[in-house]
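Thanks for asking me to look over this one. Here are my notes as numbered points, to be read with the structure open beside you.

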Amino acid sequence: MGADVKLKGRLKTYIMLPVWLTVPFAVLAVIICFCNLTAGLWSVFFVAVYFVLVMVFFRRSRRTVLNEMIDFATHYGTIQRRLLDEFEVPYAILDQNARLMWMNRQFCELTGKARNYHSSITGIFPQITKERISKEPQLNVQVTKDDRIFRASIGRIDFSKMIENSTGLETDESDQFLTIMYLFDETLQHQYLQEKQDMQMVPALVYIDNYEEVLDSVEEVKQSLLVALVDRKVNKYFAGQGGLVKKTENDKYFIVFPHKSLDEMAQDNFSLLEDVKSLKVGNEMAVTLSMGIGDVGSDYAKNYGYSRMAIDLALGRGGDQAVIKTKDKTFYYGGASRQVDKTTRVKARVKALALREIMISRDKFYIMGHHIMDIDSLGAAIGIFCAARQLGKQAQIVLDTVTTTLRPFRECFVPEKGYPEDMFISCQDALEEINSQTALVVVDTNRPSYTECPELLTKARTIVVFDHHRHGEEVIRNTDLSYIEPYSSSACEMIAEVLQYFDEDIKLSATEADAIYAGILVDTSNFMTKTGVRTFEAAAYLRRCGAETTRVRKMMRNDMNAYKARAEAIRHTEVYRGSYAVSICPADNIESPTVACAQAANELLNITGIKASFVLTEYNGKIYISARSIDEINVQQIMERLGGGGHMNSAGAQLTGCTVLEARRTIENTLDEMLDR
């Protein structure tokens with residue numbers, strides 16, 4: 001060790017302490033001299049000897065002390081490096097470009113890389129990239145290696161902190177850093193968590209949709225046999241999944257089963273739905289089930305609450321399906337069969353009386369359909385207007401856009417024909433005038449975003465909904481009265497039934513009957529689709545009120561441009577996968593391209609071999625899709641994947657942020673996914 005090496009800090013204080021003690025000793029010796037000269041001289045002599053001995057010892061031992069300290073530091077660094085290398089936790093150091101600079105033995109064994117491997121860490125763990133390391137100083141990433149799960153804890157060491165006290169290194173860049181990474185094996189932890197989740201019990205509700213109708217269709221002596229067979233199917237299916245079944249009512253079951261069975265049942269699309277349809281003991285009608293399952297975590301009360309929401313959603317969509325409801329999403333399975341057409345009108349009578357009670361308690365009503373109102377929506381609104389008028393209440397129809405198809409009917413309700421001048425009101429005026437005594441009636445839609453004025457839903461204290469579309473994830477909440485019947489052909493059919501029970505003395509004019517009758521005609525494609533016994537009964541009621549088919553047909557005629565656009569869409573139709581007609585309807589020079597789009601989709605079904613048709617058009621910055629089928633394909637399920645909905649044979653969707661061609665490719669990709677699974 002050179003003579004120019006100097007000590008500093010606490011070490012210097014410790015070594016120099018004996019030297020510094022000579023100062024107080026010398027002062028003490030001087031004081032003694034004043035008291036006793038002889039004793040003072042001896043004290044001075046001993047202090048001088050002490051000082052000489054300390055200086056000699058310090059000079060001779062200084063080199064030895066420093067050498068021993070350096071030797072200790074060297075061995076300590078070696079031990080420290082050895083401990084780090086043999087550290088049980090895999091450890092590595094990366095440079096600023098995410099390249100490996102050094103790794104310990106455990107890291108080498110885990111990754112199978114030698115110590116001279118200096119490539120990017122991304123080659124070993126794709127989840128760890130240079131960009132992520134640069135952006136986040138502290139990072140935890142889950143990575144996998146050889147079926148093992150690790151948590152990579154990544155931290156940053158800045159160069160500036162490493163060399164701020166160093167006399168041998170310096171840097172001009174303050175953003176230079178090294179990255180250290182630890183790997184913690186969490187395989188067992190994940191296994192235990194997965195086992196805990198798999199064994200968690202999930203509640204489910206199973207209802208027989210058409211219990212009374214099926215029993216009515218079979219001989220009385222066989223009814224108990226049919227019920228027993230259904231019970232056996234349900235018990236056997238869930239027992240195979242490790243579940244327990246408790247029958248709460250004749251047509252209702254409460255079930256709990258392990259969470260791990262949920263994925264298995266979903267993968268086979270809840271085969272129980274199809275199994276019960278095969279039960280035949282003389283019954284003319286197939287048995288159908290609805291399932292509601294709540295899956296939101298370990299809170300069993302919340303799971304049960306979500307299962308009730310799911311079963312309501314399944315029943316509201318027509319039954320014959322399973323619905324799994326989570327916190328963020330809703331999944332649908334089944335629902336490929338037609339909705340059960342119930343001949344009883346008890347529900348319509350109950351809803352009519354409930355509507356009457358609400359109307360008596362309110363002074364004013366706004367009636368609102370969906371955006372770009374069609375004839376079915378307008379006809380249903382006219383029917384509600386007539387009900388309010390019967391009770392002497394003020395009612396107004398919220399309508400902003402009058403399309404070419406709607407205009408002939410709209411022009412029938414003018415002051416010259418005895419209707420109020422303010423029968424129709426704009427969205428803006430409705431928002432300004434609504435108050436606590438104003439009720440809002442929504443017809444022909446149950447989605448808030450699809451309504452003519454969604455803001456009205458947040459301001460109205462009383463909300464009534466009449467719709468024939470199946471429930472989706474988005475639904476109008478906090479309704480005072482909700483009447484949603486997916487098996488009905490149209491909203492106009494539902495309103496025609498309600499009017500018959502609303503008041504015995506209610507009278508409809510021929511014009512009003514025409515509007516409601518036209519709504520049924522449009523949604524049933526002239527009674528060719530979605531028609532049941534109640535559809536014709538509603539039409540017969542409207543005919544008795546004065547509806548005239550010839551007059552309605554004249555008002556429903558299209559202009560030449562719309563007809564040409566429809567013909568152009570049919571002419572450029574392409575058949576995808578041999579059975580699916582896909583086309584684009586031009587929107588130029590057409591006031592209502594969405595109507596022409598729907599008409600083209602209907603006409604394409606007249607072509608031999610076409611199972612379903614999809615026609616697209618661009619209007620007001622959105623891509624509108626009309627989907628139609630006869631009986632083989634459930635277009636409602638296809639449109640739900642695109643954020644839309646509707647019925648098995650008639651559905652639609654609206655897309656934004658894409659072109660017509662991109663929307664077309666989206667439909668084709670969706671068809672591929674559903675057909676190839």
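1. On a 1 Å grid over the protein atoms alone, a cavity is a set of points where a 1.4 Å probe fits but cannot get out, while a pocket is an open set with protein on both sides within 12 Å along at least five of seven lines; lining residues have an atom within 4 Å of a point. Grid points are joined across faces, edges and corners, and a volume is the space filled by probe spheres set on the points.

2. A word on the source. This is a predicted model, in which local features need pLDDT of at least 70 and side-chain atom pairs count only at pLDDT 80 or more, whereas totals for chains, interfaces and linings use all residues. Residues are numbered from 1 along each chain as its sequence is written, and side-chain values use heavy atoms, with hydrogens and water left out.

3. Let us start with the second largest pocket, whose volume is about 1,000 Å³. Its lining has 40 residues, and D312, L315, G316, K347 and I484 lie nearest the centre. Two or more lining residues come from each of β6 (201–208), α8 (211–216), α12 (300–316), α13 (346–360) and β17 (481–484). Helices here (H or I, at least four residues) and strands (E, at least two) are DSSP runs, numbered from the N terminus. Helix α12 gives the largest share of this lining, five residues.

4. What classes of residue line the second largest pocket? There are 15 nonpolar, eleven polar and 14 charged residues. In this count Ala, Val, Leu, Ile, Met, Phe, Trp, Tyr, Cys and Pro are nonpolar, Asp, Glu, Lys and Arg are charged, and the others, Gly among them, are polar.

5. The largest cavity contains about 60 Å³ of space, and its lining consists of I208, N210, Y211, V214, L215, L226, V227, V230 and V287. Helices α8 and α9 (220–239) are the elements that give two or more residues to that lining. By class, eight lining residues are nonpolar, one is polar and none is charged.

6. The second largest cavity has a volume of about 30 Å³. Around it are T404, T405, N558, A562, S592, V595, A596 and Q599, with the largest share, three residues, coming from helix α23 (residues 593–604). This lining has three nonpolar, five polar and no charged residues.

7. Six strands form an open sheet in the order β7-β8-β6-β9-β10-β11, with mixed pairing. β7 (244–249) and β11 (330–334) stand at the edges with a single partner strand each, so one side of each is left without a neighbour in the sheet. From one strand to the next the twist averages 20 degrees; axes are lines fitted to C-alpha atoms, for helices over the stretch in contact, and angles run from 0 to 180 degrees between N-to-C directions. Two strands count as paired if DSSP finds at least two bridges between them. Strands β9 (residues 289–294) and β10 (residues 321–325) pair in the parallel sense over five bridges, and I293 has I324 of β10 as its bridge partner.

8. Is strand β12 (residues 364–368) mostly covered or mostly open? It is mostly covered, as five of its five residues are buried (buried means under 20% relative accessible area, exposed over 50%, partly exposed in between, with a 1.4 Å probe and protein chains only). K364, Y366 and M368 point one way, F365 and I367 the other.

9. β12 has parallel neighbours. Five bridges join β12 to β13 (residues 394–398), where K364 stands opposite Q394. Five bridges also join β12 to β15 (residues 438–443), and there Y366 has L440 as its bridge partner.

10. Finally, two backbone details to check. I372, in the loop between β12 and α14, has a positive phi near 55 degrees although not a glycine, and I372 is buried at a relative accessible area of 11%. S525, in the loop between α19 (510–523) and α20 (533–544), likewise has a positive phi, near 50 degrees; S525 is partly exposed, at 22%.
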